[in-house]
Amino acid sequence: MPGRDLNGPVTVINRFRVKGDTGKFEREFHEHSQFLRRQQGFDFLVTVRLIEQPHVYVHLGHWRSLRNFLDVVHDDTFLDRVRRLGALVETEADQAVSVGRLLHDDAAVGDADVVLTQARVRGSGAEFEHRFGALTDRWSRLGGFGGSDLLRSTLSPMTYLGLSWWRNGDACVSALHDPQAEERLREVSEIADVTTERTVHMAYQRVIR
């Protein structure tokens, strides 16, 4: 299957739907994140919370290799933490590889400045990636753009997740209403079923060395 090279980098994507107290979940998940940051082969993490569904969180854990991630998931401490989190949430999981990354600046933590673009491609993956690149290029020409990462699922290769961010929420809103960007997004939607979600940036943290 494409993207399953054990020595290649991988992004583990978890979508959590919290069943009860979000504060309790955030505290428990923060501890779990700090555990991950200390593991061999961990690179960095991003966590966001949906604006329209504030009990839904999306977490992206970036690993230097799939092998590193698989070594950690068999650790007893990891399994215990996952069991505790599992009692608090309903979870959807995926693994993906980056097929297009553009980095300019960090997003402000605590602001509504990150957009998730979920897409299930109906036609050519290469054409979708080209059109998404055109959308990202337009955003990059506007003020306050921080960057974008397009991730292609290794479990369902015609499924993508785009992560785009701005330096603050105002810049994000302005970019989403830019007429040329709206046209680029319509072109993306011609060949894929697309869902766009604005989110609050909860965390961006690198490995603890």
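Q34 counts as buried because its relative accessibility is 13%; buried means under 20% relative accessible area, exposed over 50%, and partly exposed in between, with a 1.4 Å probe and protein chains only. The model is predicted: local features need pLDDT of at least 70, side-chain atom pairs count only at pLDDT 80 or more, and totals for chains, interfaces and linings use all residues. Residues are numbered from 1 along each chain as its sequence is written, and side-chain values use heavy atoms, with hydrogens and water left out.

Stay with Q34 for a moment. Q34 sits in helix α1. Leaving aside residues up to four places away in sequence, Q34 touches Q205 and I208 (contact means heavy atoms within 4.5 Å). The C-alpha atoms of Q34 and R206 are 9.8 Å apart, although 172 residues separate them along the chain. The Q34 side chain also makes a polar contact with the side chain of R37, at 2.6 Å. Such a contact is a pair of N or O atoms within 3.5 Å; within protein, one must be able to donate a hydrogen and the other to accept it, and residues adjacent in sequence count only if both atoms are side-chain atoms.

Now widen the view. The chain holds six helices and eight strands. These are DSSP runs, numbered from the N terminus: helices are H or I with at least four residues, strands E with at least two. Along the sequence the pattern reads β-α-β-β-α-α-β-β-α-β-β-α-α-β.

The eight strands close into a barrel with antiparallel pairing, in the order β1-β3-β2-β8-β5-β7-β6-β4. Two strands pair if DSSP finds at least two bridges between them. From one strand to the next, the twist averages 35°. Axes here are lines fitted to C-alpha atoms, for helices over the stretch in contact, and angles run from 0 to 180 degrees between N-to-C directions. Within it, S148 faces S164 in β7.

Helix α1 (residues 22-37) lies across β1, β2, β3, β4 and β8, at about 0° to β3. Helix α2 (residues 66-73) also packs on the sheet; it touches β1, β3 and β4, and its direction makes about 115° with that of β3.

Finally, the whole chain. Of its 209 residues, 48% count as buried. Among contacts between residues at least 6 apart in sequence, 79% join residues at least 24 apart. The C-alpha trace spans about 50 × 35 × 30 Å along its principal axes.
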